[in-house]
Amino acid sequence: MSIIRVAERPRYTRISNHVFSDSQLSFKAVGVLCQLLSYPDNWKVNAKHLATTHTDGQTAVRSALKELKERGYLRKYPVRDALGRISYWESVIFESPLDEETQNVENP
């Protein structure tokens, strides 16, 4: 099989081959991860939005996000208000999975 590449142009996404070689990730999770990594930094995305970008529904997207969280590619951090209460949870996507030691850090 041949691979035909197009000339590099703006608006391309470069993703580490580690994402594609992680045999513990399903193709669904790899696809969702690649979609998320294609967005600019600080892009706000939710599962409902992701489900509208392709043919998979919200259930498939949520299960892919759960898989990414379990494998260390997704981490959720609480964002607190002035009184110390959790206002919302911020999700951060990583191109490489966090190891156990790094996952215990409070903020990225």
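The legends below describe close-up views of a predicted model. Local features need pLDDT of at least 70 and side-chain atom pairs count only at pLDDT 80 or more, while totals for chains, interfaces and linings use all residues. Residues are numbered from 1 along each chain as its sequence is written, and side-chain values use heavy atoms, with hydrogens and water left out.

View 1. Helix 4 covers residues 58-70; helices (H or I, at least four residues) and strands (E, at least two) are DSSP runs, numbered from the N terminus. Its 13 residues should span 18 Å at 1.5 Å a residue, and the end C-alpha atoms are 18 Å apart, which agrees. The expected span is 1.5 Å times one less than the number of residues. V61, A64, L65, E67 and L68 are buried in helix 4. Seen down the axis, these buried residues fall within an arc of 160°, so they line one face of the helix; the arc is that of the directions from the helix axis to the C-beta atoms. T59, K66 and E70 are exposed on the face turned away from the buried side. Buried means under 20% relative accessible area, exposed over 50%, partly exposed in between (1.4 Å probe, protein chains only). Just after helix 4, G72 has a positive phi of about 90°.

**View 2. Packing of helix 4 and helix 2.** The buried residues of helix 4 pack against helix 2 (27-37), helix 3 (47-53) and strand 1 (74-80), where contact means heavy atoms within 4.5 Å. In helix 2, the residues A29, V30, V32, L33, C34 and L36 are buried. Their cover includes helix 1 (17-21), helix 3, helix 4 and strand 2.

**View 3. E67, a buried acidic residue.** E67 lies in helix 4 and is buried without a salt bridge, that is, a side-chain nitrogen of Lys or Arg within 4 Å of a carboxyl oxygen of Asp or Glu. The nearest side chain of opposite charge is K28, 5.6 Å away; Lys and Arg count as positive and Asp and Glu as negative, with His and the chain ends not counted. Leaving out residues up to four places away in sequence, E67 touches Q24, L25, S26 and A29.

View 4. Strand 1 and strand 2 run antiparallel and are joined by 7 bridges; two strands pair if DSSP finds at least two bridges between them. K76 stands opposite S91 in strand 2. The hairpin has 5 residues between its strands, and G84 in the turn takes a positive phi of about 90°. I93 belongs to strand 2 (residues 86-93) and is partly exposed, at 26% relative accessible area. Not counting residues up to four places away in sequence, I93 touches L33, L36, L37, Y73 and L74.
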